[in-house]
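Here is a short report on a single protein chain. Take a look at the structure, then read on.

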Amino acid sequence: MTGLRSSSSGLRALRPEAFGADPGGERLARIRRSPHFRNGVFQNPGGPARTRPSGSPVDLAKVFLDKDTRPLRAPKGTVPVYPTTFADLAGPPTTGLRLTWMGHSSVLAEIDGHRVLFDPVWGERCSPFPFAGPKRLHPVPLPLAALGPVDVVVISHDHYDHLDLPSIKALAGTDTLFAVPLGVGAHLEHWGVPADRLRELDWHESTEIGGLTLTATPARHFCGRGLRNTQHTLWASWTVAGAEHRIYHSGDTGYFDGFQEIGAAHGPFDATMIQIGAYSEFWPDIHMTPEEGLRAHLDLQGGAPHGVLLPIHWGTFNLAPHPWAEPGEWTKEAAEEAGQAVALPRPGEPFEPAGKLPAEAWWRDVAGEVRRTWRSVGAFVAEPPARPTGDRTD
């Protein structure tokens, strides 16, 4: 028995720090009491969602390794990152709401006198290892410390492209609070965030931070950082309501009818930050295409164009077989067809949703060919995505 314990301790010592920590104690007890936790795992809204690629590994490998399309998944030139400075963010927004997309799903939201940082990923790779895994396709617009004080950091879920160890460790040294889904607090405490700076929420729970109300809302996705995916940490989208403005961040999610319910309960929104990249017919349940992302925005707004859509989760990492520039092109076209205002900032470019919106297709100067794989229609409603044969339901 002593030998077995020593072996187990040795394996734990070899566990990468970036794997984080599994929930335990009262945190685990709270997870088990959640109405969304059944049969030992968190459940998705709208029924089971496939969290592994459908089809065969051979089919998937053929798509990712295709010699004609593979070069299109990265920019051919230098991405025109906006040269953000502290001065750009030092003064308060004129209208009370300003958004700065830092790349991927990282957004600084300045809302009604408060500063909210969503899914900060300043690391070079979204991976547990510094030498392997998807690498940034453009540099961060400015150092994390140059953002200035942040009132609250909001995390959507614990995947590496949303919960970044170097970024959390840097923020742990400040006095910011963290709003996270159930279970995710275990990772943050393991990395040095004090428990009294955590606000850990189940879906439909809210917390008050200063003059803001933050609510964790459902999403259709999954979780996990280690070798075993135990589904013991929750994933979420988030709404933030201030004295005058309301915003929404989707995190990662597949399309589902719950957007209508979220909008009815917490909207309409002055701006939504919606995932429109890293989609594939191999995982249609857990990521949205741009057309589905537009539909989600409209659902959140009561079914009609309203507010501003900020596309996120694209342009920074190569995580799917679609061309690098396709999410931008597809979103721009779908939004124009629907009559929906869309902001298309370069990474690091601040804008106010009530002001002039960045609308230039900046990616075209550095993109390879974008082969139109979406259908151009006069309506914004998307057909169900094609699904490969051999679909799995796990």
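Start with a pair of strands. E10 and strand E11 (residues 237–241) run antiparallel and are joined by 5 bridges. Within this pairing, Thr215 has Thr239 in E11 as its bridge partner. Keep in mind that this is a predicted model.

E9 and E10 form a hairpin with 2 residues between the strands. Gly210 takes a positive phi near 60° in this hairpin.

| Strand paired with E10 | Sense | Bridges |
|---|---|---|
| E11 (residues 237–241) | antiparallel | 5 bridges |

The model has 3 cavities of 30 Å³ or more. The largest cavity holds about 110 Å³ of space. Its lining has 13 residues, and Ala278, Phe317, Asn318, Leu319 and His322 lie nearest the centre. By type, the lining of the largest cavity has 6 nonpolar, 6 polar and 1 charged residues.

How confident is the prediction? The chain averages a pLDDT of 89, and 89% of the residues score at least 70. Residues 1–11 stay under 50 in pLDDT, and they have 0 contacts beyond four places in sequence. Residues 376–394 are also below 50, but this stretch has 40 contacts beyond near neighbours in sequence. Where pLDDT is low, predicted coordinates should not be read in detail.

How values were computed:
Residues numbered from 1 in each chain as written. Predicted model: local features only at pLDDT ≥ 70, side-chain atom pairs only at ≥ 80, totals over all residues. Heavy atoms only, no water. Pairing = 2+ DSSP bridges. Helix = DSSP H or I, 4+ residues; strand = E, 2+ residues; numbered from the N terminus. pLDDT = per-residue confidence, 0-100. Contact = heavy atoms within 4.5 Å. 1 Å grid on protein atoms, 1.4 Å probe; cavity = no way out; pocket = protein on both sides within 12 Å on 5 of 7 lines; lining within 4 Å. Points joined across faces, edges and corners; volume = space filled by probe spheres on them. Nonpolar A, V, L, I, M, F, W, Y, C, P; charged D, E, K, R; others polar.
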